[in-house]
Amino acid sequence: MSQYVTAAQAVQVVKSGDRVYLHAAAAAPTILADALTERASELRNVEVCHLHTEGEARYAHPSLAESFHVNSFFIGANVRHTLKAGNGSYTPVFLSELPHLFRKNVLPIDVAFIHVSPPDQHGYCSLGVSVEATVAAIENAKTVVAQVNPRMPRTFGDGILHVSEIDYLVEVDVPIFSHSVEPFTAEEEKIGAYVASLIDNKSTLQMGIGSIPNAALSKLTHHKDLGLHTEMFSDGVIDLIENDVINCNYKGTLRGRVLATFLVGSQRLYDFVDNNPFIELKESSMVNDTARIRKNPKMVAINSAIEVDVTGQVCADSIGARMYSGVGGQMDFIRGASLSEGGKAIIALPSVTKKGESRIVPFLKQGAGVVTTRSHVHHIITENGIADLYGKTLKQRVAEMVKIAHPKHQEAIERGYYELLGC
């Protein structure tokens with residue numbers, strides 16, 4: 001029987017030794033998480049697990065290490081410090097597989113903290129801007145606690161749940177975490193133009209948040225009949241949808257609808273998706289399923305990286321051995337696009353870091369993890385051009401990759417690779 005209680009009352013359900021799952025991204029239930037943090041002196045060895053979350057993560061402060069341990073499935077900036085401080089861990093997992101960890105009881109959930117829209121006249125709430133693995137967490141948690149927020153957009157898809165599925169409800173009225181649209185640099189605009197040049201009419205797109213995806217989307221205004229099947233999206237798609245550039249008429253999976261598993265953006269985006277049946281948010285086990293992704297003809301997956309070596313190995317989750325983000329859904333979509341009829345798998349990144357160091361390297365840094373293998377990627381794009389790696393030998397790949405590196409690094413990159421090989 002659902003009960004309305006205060007946040008302080010609701011978090012009393014958490015006991016020492018419990019595993020608590022937090023709703024992800026912009027739907028992070030910060031009111032509940034903060035109330036739980038207030039109980040730190042009463043609790044020991046509580047595992048707080050989640051994907052990337054927005055907002056402050058007070059429970060992640062190293063001084064609370066005896067009370068809370070953070071288990072990140074994708075590392076956000078608010079908890080990145082925990083790995084070095086010792087009060088956090090990282091669990092590598094494809095986003096497509098995370099729900100299975102809960103359903104197979106590999107990671108049993110004691111309490112799920114979620115963030116929902118108010119119940120409608122029939123008693124149904126919406127998970128709003130983020131579904132990802134939260135449906136599986138709800139199904140398998142012993143107790144479900146929801147902060148109920150009138151500002152949470154009501155979205156369609158898998159995130160509709162009846163109030164009877166929630167044990168405790170806490171009424172809040174707080175803004176949904178948002179990101180303003182940042183202007184892109186001249187380099188990012190060049191990258192976006194190169195990306196757009198590879199996109200045909202009637203393609204289906206996957207791309208994330210940030211300046212490079214927005215730059216690419218800004219170059220698609222004259223395209224026709226595009227689709228959107230993506231892990232997440234942001235403001236950059238709104239104008240394309242409203243101008244019928246993205247209409248999803250030629251998709252193979254959920255034709256006629258945008259398909260995603262979460263979204264992050266400005267208030268304009270949240271207003272756009274609210275009660276909008278053109279947008280469906282489904283669980284990540286469905287959205288990120290390679291078998292479903294490949295059904296979209298001309299599927300184009302556009303992802304980023306921290307560094308790429310000259311043979312095409314992509315490091316996207318660490319800087320050397322230091323974990324920075326996570327596996328996420330990159331491989332799910334890169335593989336799905338590769339198998340799609342006419343599909344293209346793209347990695348797009350600036351050629352240098354903010355410090356001027358090359359992100360195209362002879363060999364990945366010691367300790368770096370390979371998120372996407374050299375056999376999966378079709379194209380690597382920087383502001384200097386497009387490297388076409390599909391079907392190329394290692395020697396041909398090196399030539400392609402050196403071409404798109406920053407000019408001041410090109411000679412050293414090529415020399416570094418061949419010197420280590422002794423040729």
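Reader: Which residue forms a salt bridge with K282?
Author: In this predicted model, the closest N and O atoms of the pair are 3.8 Å apart. K282 sits in the loop between strand 17 (279–281) and helix 10 (284–287), and its partner in the loop between strand 9 and strand 10 (160–162), 124 residues apart. The partner is D158.

Reader: Is K282 buried, partly exposed or exposed?
Author: Buried means under 20% relative accessible area. K282 has 19% relative accessibility, whereas D158 has 31% and counts as partly exposed. K282 therefore counts as buried.

Reader: How many residues apart in sequence are R154 and D120?
Author: The side chains of R154 and D120 meet in a salt bridge at 2.7 Å, N to O. R154 lies in the loop between strand 8 and strand 9 (156–157), and D120 in the loop between strand 6 and strand 7 (124–126), so the pair ties together parts of the chain whose separation is 34 residues.

Reader: In the salt bridge of K142 and D110, which residue counts as buried?
Author: The two side chains meet at 3.0 Å, N to O. Exposed means over 50% relative accessible area and buried under 20%. K142, at 65%, counts as exposed. At 14%, the buried residue is D110.

Reader: Which helix holds L421, a residue of the nonpolar surface patch?
Author: F363, L420 and L421 make this patch of about 300 Å². L421 is partly exposed, with a relative accessible area of 47%. Its place is within residues 407–421, which form helix 14.

Definitions and conventions
Residues numbered from 1 in each chain as written. Predicted model: local features only at pLDDT ≥ 70, side-chain atom pairs only at ≥ 80, totals over all residues. Heavy atoms only, no water. Patch = residues over 30% accessible without salt bridge, like charges linked within 9 Å, V, L, I, M, F, W, Y side chains within 5 Å. Areas by Shrake-Rupley, 256 points an atom, 1.4 Å probe, with all protein chains shown as cover. Salt bridge = Lys/Arg side-chain N within 4 Å of Asp/Glu carboxyl O. Helix = DSSP H or I, 4+ residues; strand = E, 2+ residues; numbered from the N terminus. Buried < 20%, exposed > 50% of the residue type's maximum accessible area, 1.4 Å probe, protein only.
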